[in-house]
Amino acid sequence: FTFMFSVVAVTGRGRGDASIEVQVKTPIGSPESPIAPIAPMDSPKTMSTLTLTLIKPSNRNGAIGSVFLFVSQLTGDQVASEVDFANAVPMPYSAESRTRTLIYVAAQFDYDVFPNIFVLGDNMMYGGYRNQPLIAGTRY
């Protein structure tokens with residue numbers, strides 16, 4: 001945000017001239033880490049989809065324009081905490097990207113229309129990214 005400041009003195013005889021204006025811009029911090037999606041045990045799921053509950057990230061540190069939903073296919077005995085989502089480059093799903101990085105973007109949402117419920121793998125487009133159907137028997 002940008003703020004303008006000026007000082008004016010007032011006496012019993014009236015108001016004086018204003019000081020020179022000072023402009024101050026408050027910094028925008030990095031966004032806070034969002035809360036992980038929740039996949040309740042009783043949420044609807046199919047062989048290629050999973051219904052998630054999403055928590056809208058806080059915009060306390062500055063306005064958020066959009067939010068990306070990254071998906072990673074886990075390999076071997078890999079656990080989700082080992083996936084480096086923080087340094088992932090937003091790229092759409094492709095066979096090449098999946099074999100190279102195992103991370104892809106399923107959706108991009110404008111902050112103002114962020115959904116609370118999202119069906120992962122519904123094969124629809126969200127913000128220019130295809131929400132690729134999940135592969136049965138695969139860990140994500």
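The side chain of asparagine 131 reaches the backbone nitrogen of glycine 121 at 2.9 Å, a polar contact in the sense of a pair of N or O atoms within 3.5 Å, where within protein one atom must be able to donate a hydrogen and the other to accept it, and where residues adjacent in sequence count only if both atoms are side-chain atoms. This is a predicted model, in which local features need pLDDT of at least 70 and side-chain atom pairs count only at pLDDT 80 or more, whereas totals for chains, interfaces and linings use all residues. Residues are numbered from 1 along each chain as its sequence is written, and side-chain values use heavy atoms, with hydrogens and water left out.

Asparagine 131 sits in the segment that follows β10, the strand of residues 129-130. With a relative accessible area of 0%, asparagine 131 counts as buried, a word that here means under 20% relative accessible area, with exposed meaning over 50% and partly exposed in between (1.4 Å probe, protein chains only). Once its neighbours within four places in sequence are left aside, asparagine 131 is in contact with Ala106, Phe118, Val119, Leu120, Gly121, Asp122, Asn123, Met124 and Tyr126, contact meaning heavy atoms within 4.5 Å.

Asparagine 123 is partly exposed, at a relative accessible area of 37%, and its phi is near 65°, a positive value in a residue other than glycine. Most residues other than glycine have a negative phi.

The wider chain gives these details their setting. The protein chain has 1 helix and 10 strands, and from the N terminus on its elements follow the order β-β-β-β-β-β-α-β-β-β-β; helices (H or I, at least four residues) and strands (E, at least two) are DSSP runs, numbered from the N terminus. The radius of gyration of the protein chain is 23 Å, while a compact globule of 140 residues would have one near 14 Å; this radius is taken over C-alpha atoms, and the globule rule is 2.2 Å times the number of residues to the power 0.38. Along the principal axes, the C-alpha atoms fill a box of roughly 80 × 30 × 25 Å. Of the 140 residues, 24% count as buried, and among contacts between residues at least 6 apart in sequence, 53% join residues at least 24 apart.

Valine 105 lies in strand β7 (residues 103-110) and is buried, with a relative accessible area of 0%. Not counting residues up to four places away in sequence, valine 105 touches Phe68, Leu69, Phe70, Pro90, Met91, Pro92, Tyr93, Tyr129 and Arg130. Serine 72 is part of strand β6 (residues 66-72) and is likewise buried, at a relative accessible area of 6%. Under the same exclusion of residues up to four places away, serine 72 touches Val83, Phe85, Leu102, Ile103, Arg139 and Tyr140. Although valine 105 and serine 72 are 33 residues apart along the chain, their C-alpha atoms are separated by 8.9 Å.

Other positions lie in loops and are exposed. Serine 30, in the loop between β4 (22-25) and β5 (50-53), is exposed with a relative accessible area of 58%, and its C-alpha atom is separated by 9.6 Å from that of asparagine 59, which is 29 residues away along the chain. Arginine 60 lies in the loop between β5 and β6 and is exposed as well, with a relative accessible area of 63%. The side chain of arginine 60 makes a polar contact with the side chain of glutamate 32 at 2.6 Å, and the C-alpha atoms of arginine 60 and proline 34, 26 residues apart along the chain, are separated by 12 Å.
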